[in-house]
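Colleague: Could you take me through this model, beginning with a single residue and ending with the whole chain?

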Amino acid sequence: MDADVSVWWEAVKNISLRYLLFAAGTFTVFYILLRRWLGRRRIQRSFPGWSDYGRDLLFSMLSIAIFSSLAYLCVGVLRPWNHFIYGSMGQVSLAWHLFSFVWLFLLHDAYFYWIHRFMHHPAMFRRVHLVHHRSTNPSPWTAYAFHPLEALLEAGIIPLAAFTVPVHLRLFSLFMLFQIAYNVYGHLGYELLPHRTANHWLGRWINTSVAHNQHHKYFKGNYGLYTLIWDRLFGTLRRDYNQAMESYGRQQ
Ligand SMILES: [Zn+2]
Ligand SMILES: [Zn+2]
């Protein structure tokens, strides 16, 4: 064991910085500066209260401590056994970087869908997942607002990345940047994609902010993360999803 606590602290700083950058940045732009001009992109007309933002921020900070602990374990303590590639990015071919990014994308997408379905099992929902669902009208601060047990399960992507195929550690950090950006988009409360997305040959596979917003509002259906592949395959996409996508910003 050659890991010291600085690995944990480094992880806390990096993960907090990424979360605060995207959550605070989008909150400032969408909820304060341009709020009056973005009505046509708003998914639910009402807005959460400051107590909702505060609660989500607090739970997110707790989740970050848990994510960092698992990162410390996988990257620091278990360093001799993990498959992360350390050193310069240039040592690895571009093709491998691309492959490992796509691998992480598909792996995380599948992993999230199934743990999310598990979280909706009656035995888990009230005790654990309800913390995330207290925001029926999510905001960027909701992105990491999990019960500690759910945060631990969500962090499972770290050991999955560390012990499956070799991935450059910096590329993994880049992937984590993409992950939080997409997560904040999913909880944004505003849709950035066009109304026709749900009917487009490619767009129909993309998990939109409207899809995840419906999940928070109704608690049922639309369990995906980046794609709707698993929801479409297993019949869990809400029947009113297409209509919600076509009409966001024009109703409620
Ligand atoms: Zn859920
Ligand atoms: Zn959510």
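Colleague: In which loop does Tyr144 lie?

Modeller: This is a predicted model, in which local features need pLDDT of at least 70, side-chain atom pairs count only at pLDDT 80 or more, and totals for chains, interfaces and linings use all residues. Residues are numbered from 1 along each chain as its sequence is written, while chains are lettered from A and ligands numbered from 1 in the order in which they are written. With helices (H or I, at least four residues) and strands (E, at least two) taken as DSSP runs numbered from the N terminus, Tyr144 falls in the loop between α4 (122-133) and α5 (148-154).

Colleague: Is Tyr144 buried or exposed?

Modeller: A residue is called buried if 20 or more other C-beta atoms, placed from the backbone, lie within 10 Å of its own, exposed if 12 or fewer do, and partly exposed in between. Because Tyr144 has 26 other C-beta atoms within 10 Å, Tyr144 is buried.

Colleague: Which residues does Tyr144 touch, not counting residues up to four places away in sequence?

Modeller: Contact requires the C-beta atoms of two residues, placed from the backbone, to lie within 7 Å. With residues up to four places away in sequence not counted, the residues that Tyr144 touches are Tyr19, Ser60, Ser63 and Ile64.

Colleague: What percentage of the contacts in the chain between residues at least 6 apart in sequence join residues at least 24 apart?

Modeller: The chain holds 10 helices and 2 strands, and 36% of its 252 residues count as buried. Among contacts between residues at least 6 apart in sequence, the share that joins residues at least 24 apart is 75%.
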